[in-house]
Amino acid sequence: MKSKSFSLAMVFAIGFMAFAQAQQKEIKLPPEATEFWEPEPRVVTPGAENHLPPSDAIIIFDGKNLDNFKSLKTGGAAEWTVADGILTVKPGTGDILTKEAFGDVQIHLEFSAPTEIKGQSQGRGNSGLLIMERYEVQVLDSYENRTYSNGQAASIYKQYPPLVNAMRKPGEWNTYDVFFTAPRFNADGMVISPAKVTVIHNGVLVQNAREIKGPTEYIGIPNYKAHDAELPFKLQDHGDLVKFRNIWVRKL
Ligand code: MG
């Protein structure tokens, strides 16, 4: 009797070890596993508009210099190109991030896809606004450029496609007005409330109070990790000559 219960215990122990090992093994998904292509957001042609900063805005980029940014790579001065009031990605220099940190925030920026159309899908005019360094509102040339829906311009990358495609032609200026509520964590690092984001693209509502599922992941499922209540936002160097101008924020 004694030896029978012992061997039964051994069987359970071995079984549990095998199970624990399987749990530990990282399941490798290809990046395509988290793309979805249907439905495709329909095209909406935006009206003409111009957004100048309101009186309480914190100006991040006014066309003159990159004093309010630093380089993610070096921690030193941001190395993107500033000319004629326009900020252009300098491929290879890496992402740039704001010196100031933000929690709940309204962000306005304008961007223009490169006029020389190169590449396709994710390879055309790719950049990104990474709020709190990790929640990406995609910047892409989505004018007549099909890619996965949850990866096109104004998507919450790999999480939510925009409600519609309000993209202007390459060389024309697009506006993003982003209203972001930072996630809250308890002392144990558990999410109390996820991040929420609303995005208006060229005056058209494209993300309506979306609950962000976690930090943007190129591969795999997002999962929150506790972080500071205020963090900088980044603009992404994805190797394309995307232009920016008129970047300002309001702390909420
Ligand atoms: Mg991007």
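Mentor: A residue is called buried when its relative accessible area is under 20%, exposed when it is over 50%, and partly exposed in between, using a 1.4 Å probe and the protein chains only. Strands are DSSP runs of E with at least two residues, while helices are runs of H or I with at least four, and both are numbered from the N terminus. This is a predicted model, in which local features need a pLDDT of at least 70 and side-chain atom pairs count only at pLDDT 80 or more, whereas totals for chains, interfaces and linings use all residues. Residues are numbered from 1 along each chain as its sequence is written, and side-chain values use heavy atoms, with hydrogens and water left out.

Let us look closely at strand 8. Five of its five residues are buried, so strand 8 is largely enclosed by the rest of the structure. Tyr135, Val137 and Val139 point one way from the strand, while Glu136 and Gln138 point the other way.

Next come the neighbours of this strand, and here two strands are said to pair if DSSP finds at least two bridges between them. Strands of a sheet pair through backbone hydrogen bonds, either parallel or antiparallel. Strand 7 and strand 8 are joined in the antiparallel sense by five bridges, and Leu130 stands opposite Glu136. The hairpin of these two strands has three residues between them, and in it Met132 takes a positive phi near 55°. Strand 7 also pairs with strand 14 (residues 234-235), again in the antiparallel sense, over two bridges, where Leu129 has Leu235 as its bridge partner.

Glu136 and Gln138 lead us to the metal site, where donors are N, O and S atoms within 2.8 Å of the metal (3.2 Å for Na, K and Ca); water is not among the atoms, so sites may look incomplete. The magnesium ion has as protein donors Asn126 (OD1), Ser127 (O), Glu136 (OE), Gln138 (OE1) and Gln236 (OE1), at 2.2 to 2.4 Å. Along the chain these donors follow the spacing N-S-x8-E-x1-Q-x97-Q.

Asn126 sits in the loop between strand 6 (105-112) and strand 7 (127-131), and Asn126 is buried, with a relative accessible area of 2%. Counting contact as heavy atoms within 4.5 Å, and leaving aside neighbours within four places in sequence, Asn126 is in contact with several residues, including Gln138, Val139 and Gln236.

Leaving aside neighbours within four places in sequence, the contacts of Ile247 include Phe69, Leu109 and Leu235.
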